[in-house]
Amino acid sequence: PAPCQMTCPAGIDIPTYVNLIGTGHDAEAIEVIRRDNPFPWVCGLVCTRPCELMCVRGRVDKPISIKFLKAFAAERALSDRHYHNPAKAPEKGKRIAVIGAGPGGLTAAYYLALKGYGLTVFEALPVAGGMMMLGIPRYRLPREVIDREVAMLEDLGVEFRFDTRYGKDITLDSLKAEGFDAVFLAIGAHQAFKLNIPGETDFPQVIEAIDLLRRVALGDRRIPGKHAVIIGGGNVAIDAARTCLRLGSDEVTIAYRRTRAEMPADVEEVEQAEDEGIHMSFLTIPKAVIGSDGRLTGLECI
């Protein structure tokens, strides 16, 4: 395999699909991508594109735009009504329950449905997508893109049951009683890390970035504060900072403990954040959250 394909976490046959797009065969390119990734449009907008770091063309001038070509082909194929599911295998007469409608659960449902199994996806939230829907802001990943690709699973006969929480509304015993032959758990990783510094849990104005993005995705558009400090240098931190700006914060600062070169966030995301007026404070290590009478007043840093 080519270096780009070796670096792709999903092992997508990148040379083949890039060549197909170059010759105008967008639908065939999508077919190649979906052998290993059922969401080419979503991935083409938000993938961290490690493939481009290894692109051989990058040694000459610039890497091929592997990521955006994926989104381009998916949009073109959908617009031309040529975005189709592969043929399903004969029905096996077996039913599988998938717990969680995030990327993992939806991917399992897609490939199992193609193999001829009956799939039902249970989701605690009222929408499908998981972190694709709740963790990535709409300016990066429009909701309709997720809806369109999730609809492709419904075309395969996958059933969705929303507002259904495992352990509360359903249990392993109730699923067995309903006739399911297997259960796939894809409950996600929605919990944030703690900084473990004094004052972190003492003030309601200290908000987890994951929680902020989830609330906004579900329709809560309240401004978190006029002056917001985001701790961290990854894509979630950048997303939270740019979201605060869109919610109406006057000043947004990212405090990151290392240098700009060591930020794990996508370079393009960092540049766009700076273009929007977000301040970057590097080599800044949070030491304590300061406040009084239940009101946050500052962040002490080294």
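Helix α3 passes helix α6 in a left-handed crossing. Left-handed means the near helix is turned anticlockwise from the far one by less than a right angle; clockwise would be right-handed.

Some ground rules. This is a predicted model, where local features need pLDDT of at least 70, side-chain atom pairs count only at pLDDT 80 or more, and totals for chains, interfaces and linings use all residues. Residues are numbered from 1 along each chain as its sequence is written, and side-chain values use heavy atoms, leaving out hydrogens and water. Helices are DSSP runs (H or I, at least four residues), numbered from the N terminus.

Back to α3 and α6, residues 66–79. They pack at about 120 degrees, axes 8 Å apart. Axes are lines fitted to C-alpha atoms over the stretch in contact, and angles run from 0 to 180 degrees between N-to-C directions. The pair is therefore oblique. Under 35 degrees is roughly parallel, over 145 roughly antiparallel, 65 to 115 roughly perpendicular, and the rest oblique.

Who touches whom? From α3: Asp26, Ala27, Ile30 and Ile33. From α6: Lys70, Phe72, Ala73, Ala74, Arg76 and Ala77. Contact means heavy atoms within 4.5 Å. That gives seven nonpolar, no polar and three charged residues. Nonpolar covers Ala, Val, Leu, Ile, Met, Phe, Trp, Tyr, Cys and Pro; charged covers Asp, Glu, Lys and Arg; the others, Gly among them, are polar.

Next, α2, residues 14–22, with α3, residues 26–33. Their axes come within 8 Å and cross at roughly 170 degrees. So they are roughly antiparallel. Thr16, Tyr17, Leu20 and Ile21 in α2 meet Asp26, Glu28, Ala29, Val32 and Ile33 in α3. By class: six nonpolar, one polar, two charged.

Terms used: Helices (H or I, at least four residues) and strands (E, at least two) are DSSP runs, numbered from the N terminus.
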